[in-house]
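Open the model in your viewer and keep the selection panel handy.

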Amino acid sequence: MRTHYCAQVNETNIGEEVTVAGWVSSRRDHGGLIFIDLRDKDEVVQLVCDPADNAEAHKLAEEVRDQFVLIATGKVRARGEGLENPKLKTGKIEIVVDKLVIENRSKPMPFDLGDNKVNEEIRLKHRYLELRTQKSYDIFKLRSKATIAARNALDELGFLEVETPIITKSTPEGARDYLVPSRVHHGEFYALPQSPQLFKQLLMVGGFDRYFQIAKCFRDEDLRADRQPEFTQIDVEMSFCDQEDVIRIAEKLLHDVFTACGFDIPATFKRMPHSEAMEKYGSDKPDMRYDLAMVDVIDIFERCDNEIFSTIAKSPKKNRIKALRVPKGDEIFSKRQMKGFEDYVRKFGAQGLGYFQMKEDGLKGPLAKFFSEEDLQAIVERCEVEVGDAVFFGAGEKKLVWDYMGRFRIFLAETMEIIPKDRFEFLWVVDFPMFEVEDGQVKALHHPFTQPKSLDYEDIEEIESIAYDIVLNGTELGGGSIRIHKEDVQSEIFKLLGIGEEEAQDKFGFLLDALKYGAPPHGGFAIGLDRLIMLMTGASSIRDVIAFPKTQKAQCLLTQAPSEVDPEQLKELHLRVRQQPAT
């Protein structure tokens, strides 16, 4: 139908006859000449319909409206002097149309393409229209390039691409499964995989040595801007390796992908123990594009005359008092703003928020009267406070303080607009705790197949695992671990998680059996492809980089899924829909 894509037509084609095809971006009638901007997959070219050259094509052009599908044939000529468009690859030429075909017409558009103020529900309902924009095309062009680069990098490193099952056994991995009822096995269900975790470990038992997959994963969980019920990850596993081997492969993969997409990143990334990340930044995924690190001052506060602070400080193992110095904060923020910050942290469970202001004659503020001059000076030195700075303090139970002070750090950075938008800062967070205890229940922090460093412990929450996350600009890009490859260790971990022998055999018997047959030491990682592209393109939501995304309520507005199904289908599956009880 065409001889050239729009972007291929340039000054070298002047005088030639070409055929192009695409959608009308705009049409301008200049009282004789009609100009049409025709767009295909990645460029716009200007068509000129002149009644003096071809009356039939000009007459047809009078019917053309935005988003009509056209096929146009004509001669390429240079644009007139002063009429060039430097913003376009085709900005120096235009096509004088000899033949015009309206291949399809378009209804009036429900919204202007590229208008970011349009309600998201409208855009997602007509997602195929939004995909016509240059912005959308560029996103998916980059996504394709990144995926191909990942495959090539892993292929060069000796990894074998293997597809694992999409309908499988329901196993607890931290989020709810999407269940699929079986028609031929009454009352039994498959599940969509939350990850290929167990299958890739079984591939290592099978001697595949190095595996990868661009894997679809599914989680029935509450959604946020960086989450979807179905998502894609670059999934990798390897045998006879340690943490250093896995990290080296992941860094090589990411470096190759970013390079292929036109970005310059370092070949190796910084590292930080999980404990340091929590103590300094209150997060296991700290954004390293800015500082604002927290400092521990619990020992200084133990000596103060404020009973609330001194009582908290008497239990330094379970409690924390953290200081957050904001350079020039006393000059940037008014007293009203600083008091308003207390309302912000209270939303996350804080009892309050103290602060000091550094003046020429020392630290001032509501808390100053509770400290001796020596202790005020100790705060100045430990927090490296300078004149004009502000210092904020959070106190209370350890995990609570980490959480709200970590959030407050991000809030301050956004308020002060100090976060660079054009930098990629990678960080490995390593040495994660193996377990966490919530409401008296022991849970795996990553997943129950992670190798613990040791099972000698006094406090179960102090057991470290050989697990690592890769963080990019404050977003968890992916992570992994060295896996348990011995059946007795895996059984012990299940016991610590409160999974009895019978339950373990029922849910994970196939894995426990496989570990008895010479399982090699192995480990791996997974990188969220959607998050990766979101960060690369600067998109505000993961939905922008998925061709047909779901809403935050896990609905596809385009196809109206989920939806009711025919009663006969339910009957075949031995299912009955119960009415929701009245509230």
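Start with the lining of the second largest pocket: by class it has 8 nonpolar, 2 polar and no charged residues (Ala, Val, Leu, Ile, Met, Phe, Trp, Tyr, Cys and Pro count as nonpolar, Asp, Glu, Lys and Arg as charged, the others, Gly among them, as polar). This is a predicted model, where local features need pLDDT of at least 70, side-chain atom pairs count only at pLDDT 80 or more, and totals for chains, interfaces and linings use all residues. Residues are numbered from 1 along each chain as its sequence is written, and side-chain values use heavy atoms, leaving out hydrogens and water.

Next, select helix H12 (residues 373-383; helices are DSSP runs of H or I, at least four residues). Asp 375, Leu 376, Ile 379, Val 380 and Cys 383 are buried there (under 20% relative accessible area; exposed is over 50%, partly exposed in between, with a 1.4 Å probe and protein chains only). These residues lie on the same side of H12, because they cover an arc of only 150° around the axis (taken from the directions from the helix axis to the C-beta atoms). Turn to the other side of H12 and you will find Glu 373, Glu 374 and Glu 381 exposed.

Now for salt bridges (a side-chain nitrogen of Lys or Arg within 4 Å of a carboxyl oxygen of Asp or Glu): the whole structure has 39. Pick Glu 130 and Arg 127, which pair at 2.7 Å, N to O; both are buried. They sit 3 residues apart in helix H3 (residues 127-130), about one helical turn.

Conventions
Helices (H or I, at least four residues) and strands (E, at least two) are DSSP runs, numbered from the N terminus.
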